[in-house]
Amino acid sequence: MCGIVGYIGKKEAVTVLLEGLHHLEYRGYDSAGLCVLPSAHSRKRRASVVRSVGKVDALVDLVSKKNVSGFVGIAHTRWATHGRPSVANAHPHSVGNIHVVHNGIIENYQSLREKLIERGCRFRSDTDSEVVAHLIALERVKHDFETSVYRALSKIRGAYALVIVCDDDPDKMIAVKNSSPLVVGVGRDDFIIASDVSAIVQRTKNVLYLNDGEVIVLSRDGEYSVCSLNRLVKRRKPQVIDWSPEQAQKGGYEHFMFKEIFEQPHAVVDALRGRVVISDGLVRLGGLRSVEDRLCQIKRIVIVSCGTSYHAGLVGKYMIEEYAGVSVEVEFASEFRYRKPLVDKHMAVIVISQSGETADTLAAVREAKNKGALTLGIVNAVGSAIARETDAGVYNHAGPEIGVASTKAFTSQLSILVLLTVLLGRGRDMSFVMGQKILTELERIPHLITSILKREKELRVIARAYVKNDAMFFLGRKYHYPIALEGALKIKEIAYVNAQGYASGEMKHGPIALIEDGFPCVFLAPKDSVYEKTLSGMEEVRARGGRIFAVSTVGAKEVSSIADDVFFIPKTLEMLTPLLLVVPLQIFSYHVGVMRGLDVDQPRNLAKSVTVE
Ligand code: F6R
């Protein structure tokens, strides 16, 4: 996710800004920039704006070659969402005397951009953020700086954290928070504002967390005021935090993996943002617009990916075949690229990749393209090789995943596959009622995940009972078979448990030979269309002395009488249950890994992005 830093006070802004940007580097980014307003005694009248692609050090180099000086400034590290990484797309975006840095997504930027172009505005970037600078600059012609910001805000929709400065009101900085984080460090006679407290804690521990829909005006004489979007004054006081810079990067969580597990409700919201039209039971995926007609004619889909992304693809197969009626195969990219896949121009090859750089998946894209297939990407990293090389695609917008084991990217991928199912289904014979039903329930998922996360301690207790087991089975049926595979992969990666995932119906065809007294089996047993069959599988394990941890849905009483340990998740549609079931498995694996004293963020032998074969 992008990073924001702003400074207003008595120190050289550029020093504080660059220091802050360095502390945000851990979040991942592709370009950086800053803007410093000239001080009152300077002969310069306009801000110095410096932007560069690549690391913050490249920006430091550029800044050192220019005369950048002043006490008020804003800075940004960009992680591309709209438009590839480039100097033009890097922030700050400047229009007239207005300079803006933005995190988040402006949902209605397309329509705003079209209107602004009609009014004669010239856009210099592909970003959604630039519309904000134009809107404020247009208002500034008639109004003061603050009023201009409020008037512009009334026109934008979406998730945003914005920090804005103005050349001709140089002792003021305005910031707004709406669904994207923003924290203000309150120093003795200055302020540092940032998207992440890790850019602040080395300067002050006195911080003010803005709430959604709040606007703060900071001035160079050390005063601040907080108002709602309709300009009602709010009384807000700073609080003292005692986090170290390292703790701050992890948002107070002990590990990135745990933080990212807890970010999942947001990751799902961000995957759906601006893409769901409940009233029509429809989905709008801007990145697929150019190929929508072709997609509606497609008779066969092959989903190609690796690891966790492959498991997401398996869930996608079940959803698309059941609800959109299109035949789907799922294949490991490493196999697809070397065998002779039957691919032609009448089919679509969908690749799923968090990093967008996985070598096998990229090779599969090239193979599919050579054979004339329509290639689509579900990718988290904007501008990555896979995003560039596929014909069209959908971005996850899940923000960077730092923990090596994939968690929030997976739930985000599942959310997009649900959207794709509805898109494909509604283009065929899925009814309006069914489309609406799926989407309405999908919008409830973030709230349901939150309710699971709140009960995380129950899973810690259960994990303790399994910490000494070096082997384990994960068993699930139908939609939950891929989740059994994912559960097994997670605990393998981060707790080094020799775990195997199976379709529970396969147990009696071989794996059951391993069940003996105390052998642990994790069953995915929600009350759904295959519930009774899953219960039979559990009975078979219990009869042989196996130890059972079941994840089931509230109200499934039978499970408690068979399993040794049970965790209940809320009810939802069967096709959406994977989005909930995987969360307790991630937390379970995390705790087993931590209790075994392992480095869960960087497990041995693994890399976040597998760019070699
Ligand atoms: C597992 C994990 C890996 C990745 C796989 C594909 O936790 O992270 O299995 O899912 O290497 O990576 P991407 O999605 O970046 O192509």
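I began at the ligand and looked up Thr358: one of its polar side-chain atoms lies 2.5 Å from a ligand oxygen atom. I note here that the model is predicted.

Next I took Glu493. A polar side-chain atom of Glu493 sits 2.8 Å from an oxygen atom of the ligand.

I then checked how covered the ligand is. Taken alone, the ligand exposes 400 Å². The protein buries 90% of that area.

Which residues of the surrounding shell are closest to the ligand? I found Ser309, Ser353, Gln354, Ser355 and Thr358, out of 15 residues that surround the ligand.

I moved on to the nonpolar cores. In general, nonpolar side chains of soluble globular proteins tend to be buried together. The largest core here has 90 residues. Leu288, Ile301, Phe474 and Phe588 touch the most other members. I looked up where this core gets its residues: domain 2 (249-443) and domain 3 (451-605) each give at least three. Another core lies apart from it and has 30 residues, including Val131, Ala133, Ile136 and Leu153.

Last, I listed the contacts of Phe588, leaving out residues up to four places away in sequence. Phe588 touches Ile462, Ala463, Tyr466, Met472, Phe474, Ile491, Val522 and Phe549. One of these partners, Phe474, is also among the core members with the most contacts to other members.

Note on methods. Residues are numbered from 1 along each chain as its sequence is written. This is a predicted model: local features need pLDDT of at least 70, side-chain atom pairs count only at pLDDT 80 or more; totals for chains, interfaces and linings use all residues. Side-chain values use heavy atoms; hydrogens and water are left out. A nonpolar core is a set of buried Ala, Val, Leu, Ile, Met, Phe, Trp, Tyr and Cys residues joined through side-chain atoms within 4.5 Å. Buried means under 20% relative accessible area, exposed over 50%, partly exposed in between (1.4 Å probe, protein chains only). Domain bounds come from an automatic or database domain assignment. Contact means heavy atoms within 4.5 Å. A residue is near a molecule or strand if one of its heavy atoms lies within 4 Å of it. A polar contact is a pair of N or O atoms within 3.5 Å; within protein, one must be able to donate a hydrogen and the other to accept it, and residues adjacent in sequence count only if both atoms are side-chain atoms. Accessible areas come from the Shrake-Rupley method with a 1.4 Å probe; for residues, only the protein chains shown count as cover.
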